[in-house]
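Work through the exercises below with the sequence and the model in view. Each task is followed by a solution in steps.

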Amino acid sequence: MKIRTNVLFEGERNSLLLLQHEIELAENINESKEKYRKFVQAGIAQWIKDFRSGHIKVNTVDDLKKLIELGIDLQKDEI
């Protein structure tokens, strides 16, 4: 009977490589979402500033709605 040491079998090695790839992919997706969230937050802040200063009229509120919906969509996977 052979005793297995620290040498990984080929299948285990492949599984670990796949898992590592999936972790890196998830981290990259999370980083991108965080960047998009910051962009959306900045867009909302700018929209509010422009609205308060009178540069945006009530008939263009759809832009704010789209920004808010995008921000909500980006947070859905966080729950």
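**Exercise 1: Placing arginine 37**

Arginine 37 is found in helix H1, which spans residues 10-52. The model is predicted: local features need pLDDT of at least 70 and side-chain atom pairs pLDDT 80 or more, while totals for chains, interfaces and linings use all residues. Residues are numbered from 1 along each chain as its sequence is written, and side-chain values use heavy atoms, with hydrogens and water left out.

Task: state whether arginine 37 is buried or exposed.

Solution. Step 1: recall the cut-offs, with buried meaning under 20% relative accessible area, exposed over 50%, and partly exposed in between (1.4 Å probe, protein chains only). Step 2: arginine 37 has 12% relative accessibility, so this residue counts as buried.

**Exercise 2: The partner of arginine 37**

Task: find which residue forms a salt bridge with arginine 37, and where the two lie.

Solution. Step 1: apply the criterion, a side-chain nitrogen of Lys or Arg within 4 Å of a carboxyl oxygen of Asp or Glu. Step 2: the partner is glutamate 34, with the closest N and O atoms 3.1 Å apart. Step 4: glutamate 34 is partly exposed, at 34% relative accessibility. Side chains of opposite charge can pair when their charged atoms come close.

**Exercise 3: Two further salt bridges**

Task: describe the salt bridges formed by lysine 65 and lysine 76.

Solution. Step 1: lysine 65 pairs with glutamate 69, the closest N and O atoms being 3.9 Å apart. Step 2: these two residues are four apart in helix H2 (residues 61-75), which means that about one helical turn separates them. Step 3: lysine 65 is partly exposed at 48%, and glutamate 69 is partly exposed at 38%. Step 4: lysine 76 pairs with aspartate 73, with 3.2 Å between the closest N and O atoms. Lysine 76 is exposed at 53%, whereas aspartate 73 is partly exposed at 42%.

**Exercise 4: The whole chain**

Task: how many helices, strands and salt bridges are there?

Solution. Step 1: the protein chain has two helices and zero strands. Step 2: a search of the whole structure gives four salt bridges. Step 3: of the 79 residues in the chain, 13% are buried.
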